[in-house]
Amino acid sequence: MTSARENIPSPSGYPLIGNILDVQDEVPIRGVERMIDLYGPIVKLNFMGTESIFIGSAELVEELCDEKRFWKKPPSALSDLANKKAGPDGERAHRGMFSAPSEEDPDWQQAHRTLMPAFGPLAIQGMFDEMHDIASQLVLKWARMGPDDRIPVTSDFTRLTLDTIALCAMDFRFNSFYQDDMHPFIQAMNSSLSAASDRSKIGSMLKKLLPWDRTDQKVAQDREFMRKVSREMVQHRQDNPTEKNDLLNAMIHGKDPKTGERMPDGLIGANMVTFLIAGHETTSGLLSFAFLNLLQNPETYFKAQEEVKRVIGRGKMRPEHLKELKYIDAVLRETLRLTSTIPAFVRSIRSDNPNDFEHLLGGKYAINRSDPVICLIGKSQRDPKVYGDDANEFKPERMMDDNFVRLPKGAWKPFGTGVRACIGRAFAWQEAQMVMGLLLQNFNFRLDDPAYKMKVKQTLTIKPEGFYMRAALREGVTATSLQATLSSPEENVKAAVNASQQRNDSGLASDLNPMTILYGSNTGTCMSLAQKLSIDARANGYRATVMDMDAAVDVLPKDQPVVIITASYEGQPPDNADHFITWLERLQDKEVLNGVHFTVFGCGHSDWTSTYQRIPTLCDDLMADHGGERIVDRGLSNAADGNMFSDFDTWADGRLWPAIAPDSAEATKTSPVLDVEMSSQDRTTYLRQDVQTAKVLDARCLTAAGEPEKRHLEVELPENMHYEAGDYLAILPLNPLENVRRVQKHFSLPVDATLTIKPGAATFLPTGVSISIHDLLRGFVELSLPATKKDLQACIAACQDSTQRAALEKLAEQDAVTEKHISLLDLLDSYSATEMTFSTFLAMLPPLRTRHYSISSSPLANPEKCTITYAIINEAAKSGLGQYIGVTSSYLAGLKAGDDVLVSVRSTNKFFHLPADPETTPIMMLGAGTGLAPFRAFIQERATQVAAGRSLAPAMMFMGCRSSDTDRLYASEIDAWAAAGTVDVRYAFSRDPEHELASGCKYISDRMLRDKDDVRKLWRAGAKVFTCGSPAVSESVGRAAIQILKGARADKGERMTDEEAKKWFAERRNERFVVDVFA
């Protein structure tokens, strides 16, 4: 047995504290789950001399759920809630059901037998009306707050579920929706549970050593307050008896069917506390995660909404509707699989089991009687051996009908197991079904931040942190009609619905015509174009409303022009257009968009040949197919030409405005102007991007002197910002000081000058506040982008010298501005007779955007830090005007350890991540230069797992450099990883192909062809293939792959054309090979 127990992997740890540092994380459960990623499905950890065993596979969980050998052991957070003090009349201390040490505990047995009937199906169904009462309060609150309100999702769902359990179980109203602050019970509960969760954090341990620390006293006070609230509820019921058939009456009047005894007051109070906590904490988390999953997976969102429409329609929800919500059931099951709100439960050997140890997996491992075994269902329910390589994806279909029934028993355990499984499961399920049904029936939802990446907050349960969404009433629904629907008898509901559909809101009087501009954008380009168009709109007689495309789902206006500006990302919609496109795709009525007047402008890059302009084209076609009327034909711009802003101006000025504002065509020829006031006051900085402050830890050059410079940057991430290998780091840069000084010099601006843009100006810049001109130029606007055709026309109109004007006109005729990357500032400096005011110049500049860089590190190595690998752009300007300096690379190059930088983690293509099962799925990586970045992250993750003792499937990397000793990035590190068997590296050196590492190959395409047998072997073994690099790299890799495929077919006597080979690869894109091209 000893040797079997010693087979369990265990990191060495540190003296006294053991493995505490190994699992440090803002979210404690995540730190432990990281150990499973490192060591495999079972690991033994030592915390301050106490050993605990953690498991994370469905197979092991199923074995530990054998009730004949093992039983539940309560987690410490619940044990801490148990009352350890005797009652005022000397009654012994009691434990609630969830905190009882075992099923042998007499308190647990009495409560369990007494309360089982109160949680039966008929009893739960009898709570429907009261659940509906509280849910209606939430629905009406959101309806009255309006579509622009940022809904604090977890907070509102917590109010909902607390009020529901209190009313249904105890006939008590907390009235959480009628007060700004949470009820003191919630505050005390959160404080108590947070303290329990934080006990394993180093900071909390050190804090407790301080003589002035009062944490324990505060926790004791909070727990006593919760017990006081429960005692008062019991006393109130005893003083004011009712005939209500609820949980509280069951505890007060119910008799144990075995002993005939009633529950003592202390036991009732103890269970009140645990029911109030567990009865609302878990369901609020479930609902929060469910809506987050739906909103991040629009196809599932619309399927759920369509089911609600089919089952409930527009009428009042009834209990019998719930059993028909099969897809909602699947959504809830899949949500609990991915993010079980109770992310673990504890098992141990039963006291009546005669064995002092038990073998696991047929003797491979063993545990002692004293070992607590923590079942990490957050890992076991994502087991790729059960759920496949897409185990981390949200797919409710796998939880439908027979698919759910066929799952292994250990693959879905969110409610625990055995006789001590959650007694309130049916209560929670009915509440969750009802709330989802009511909300999807009456609202269209969208993420407040489409780029939101899930952050987790852990106390007793886990919930998404910082998750906000927005809710717009569905077409034909008003707050007034909704109130009637929710509260009136069913026969009155239809009349209220019909009345709301006939009522039209009156528009606000204005001397400007309304128009709507919708954008879909991940990187900010289309958003900049939308903002630019909205500024031009005023000069053309329109008042523009700008919003992301998702905000227009089901509410496209029919009394004004609708302009849609969107891009494609690997053929997929931008994050903030995903819902809109999915909604269009699922429309059935071919006339539903009758009366919508629209036009589309598409942005794309032709290097993505197979998906170029897919989303703009799809959007344009679907709008027209369902009754929409085109204002003008779709415009488009190819980013490969570098003319995006000019292309947009040409389309807007030449086609859009003449079509919708023919009388104001001359307005587009004038330059925009901002009404500004200048002063010399202290400057302040205003940044309006979704970024947070990170700290630079390391910054260094990776290449030899004289080589194109490539650099490494390491940052400490902000609290609770986490990432996966393969993600991007978005960075908000500052413009180079050289360019800022050029602007100040050209316009003779004082160094310390500030300005105030008067309120009401058509601009994305801050208005009504004083801002330093220096800070504004550095941090708000793009100074280096090529001037647009519209910019050039403005310069021609403002030029006072005929010779210079002729030169500018020739420049416009030759269309050389973009090709030579001539900025607006370059034009002003080169053609000094162009008389343009600073306010006009400022109004012509687009907003500064974040830039995305592939993260080159793995969170398994250190979840609090990440690195990027980037190239410096500093070369002779094509315009002939000095040097062209890359905005972000020059900014990053100037950073040093200790500096702050504004960052945000952004998800990449969801397929550009390591396989879910690294032990069985090989990988192949192909890239050149800084295309190494995501692969360094992949290899570092594998190296960390190999060092922990895991055996992984093979990995092979083809990497291109100039030579072995000048720009072979991270050479010693990669050599060490290769020596350890983590990766097989195949180099190609363009300047030194005869080097032994390059084996005669200049480019990676050459190396692929040389090693084609190894490529074929790894592909046949099921490898997932990743390519990262420039368009040229991607194209050369593609040509080599086609050649290898055709050769393999020829060996079998089969002939394949290039077009057939391309189609073969296209069918496997993202499934077997994934491409990340940076332009």
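A salt bridge is a side-chain nitrogen of Lys or Arg within 4 Å of a carboxyl oxygen of Asp or Glu. The legends below describe a predicted model, in which local features need pLDDT of at least 70 and side-chain atom pairs count only at pLDDT 80 or more, while totals for chains, interfaces and linings use all residues. Residues are numbered from 1 along each chain as its sequence is written, and side-chain values use heavy atoms, with hydrogens and water left out.

**View 1. A salt bridge joins Lys395 and Asp390.**
The N to O distance between these two side chains is 2.7 Å. Lys395 is partly exposed, with 32% relative accessibility. Here buried means under 20% relative accessible area, exposed means over 50%, and partly exposed lies in between, for a 1.4 Å probe and protein chains only. By the salt-bridge rule, the count for the structure comes to 64.

Helices (H or I, at least four residues) and strands (E, at least two) are DSSP runs, numbered from the N terminus. Is Arg227 buried or exposed? Arg227 is buried, at a relative accessible area of 13%, whereas Glu224 is partly exposed, at 26%.

**View 2. Arg962 and Glu707 meet in a salt bridge between two loops.**
The side chains come to 3.4 Å, N to O. Arg962 lies in the loop between β31 (955–961) and α36 (971–979), and Glu707 in the loop between β20 (692–701) and β21 (710–716), so the pair ties together parts that are 255 residues apart in sequence. Arg962 is partly exposed, with a relative accessible area of 26%; Glu707 is buried, with 16%. Elsewhere, Asp984, Arg986, Arg1007, Arg1010, Asp1011 and Asp1014 belong to one network, joined by salt bridges that share partners.

**View 3. Five strands form an open sheet with mixed pairing.**
Two strands pair if DSSP finds at least two bridges between them. Strands of a sheet pair through backbone hydrogen bonds, either parallel or antiparallel. The order in this sheet is β1-β2-β8-β5-β3. Which strands stand at the edges? They are β1 (42–47) and β3 (70–73), each of which pairs on one side only. On average, neighbouring strands are turned by 35° against each other, direction ignored. Axes are lines fitted to C-alpha atoms, for helices over the stretch in contact, and angles run from 0 to 180 degrees between N-to-C directions. Helix α2 (residues 28–39) packs on this sheet and touches β1, β2, β5 (344–349) and β8; its direction makes about 135° with that of β1. Contact means heavy atoms within 4.5 Å. Within the sheet, β2 (residues 50–55) and β8 (residues 373–376) pair in the parallel sense over 3 bridges, and Phe54 stands opposite Ile374 in β8.

**View 4. Strands β4, β12 and β9 form an open antiparallel sheet.**
The order is β4-β12-β9. The edge strands β4 (151–152) and β9 (443–447) each have a single partner strand, so one side of each is left without a neighbour in the sheet. Strands β4 and β12 are joined by 2 bridges, and Ile151 has Met469 in β12 as its bridge partner. Leu473 is found in strand β12 (residues 468–473). Apart from neighbours within four places in sequence, Leu473 is in contact with Ala143, Asn442, Phe443, Thr478, Ala479 and Leu482.

**View 5. Strands β6 and β7 form a hairpin.**
Strand β6 (residues 357–360) and strand β7 (residues 365–368) run antiparallel and are joined by 4 bridges. The bridge partner of Leu360 is Tyr365 in β7. There are 4 residues between the strands, and Leu361 in the turn has a positive phi of about 50°.

**View 6. The largest cavity has a volume of about 590 Å³.**
On a 1 Å grid over the protein atoms alone, a cavity is a set of points where a 1.4 Å probe fits but cannot get out; lining residues have an atom within 4 Å of a point. A volume is the space filled by probe spheres set on the points, which are joined across faces, edges and corners. The structure holds 7 cavities of 30 Å³ or more. The lining of the largest consists of 33 residues, of which Ala278, Thr282, Ile342, Phe415 and Cys422 lie nearest its centre. Which helix gives the most to this lining? Helix α13 does, with 6 residues.

Note on methods
1 Å grid on protein atoms, 1.4 Å probe; cavity = no way out; pocket = protein on both sides within 12 Å on 5 of 7 lines; lining within 4 Å.
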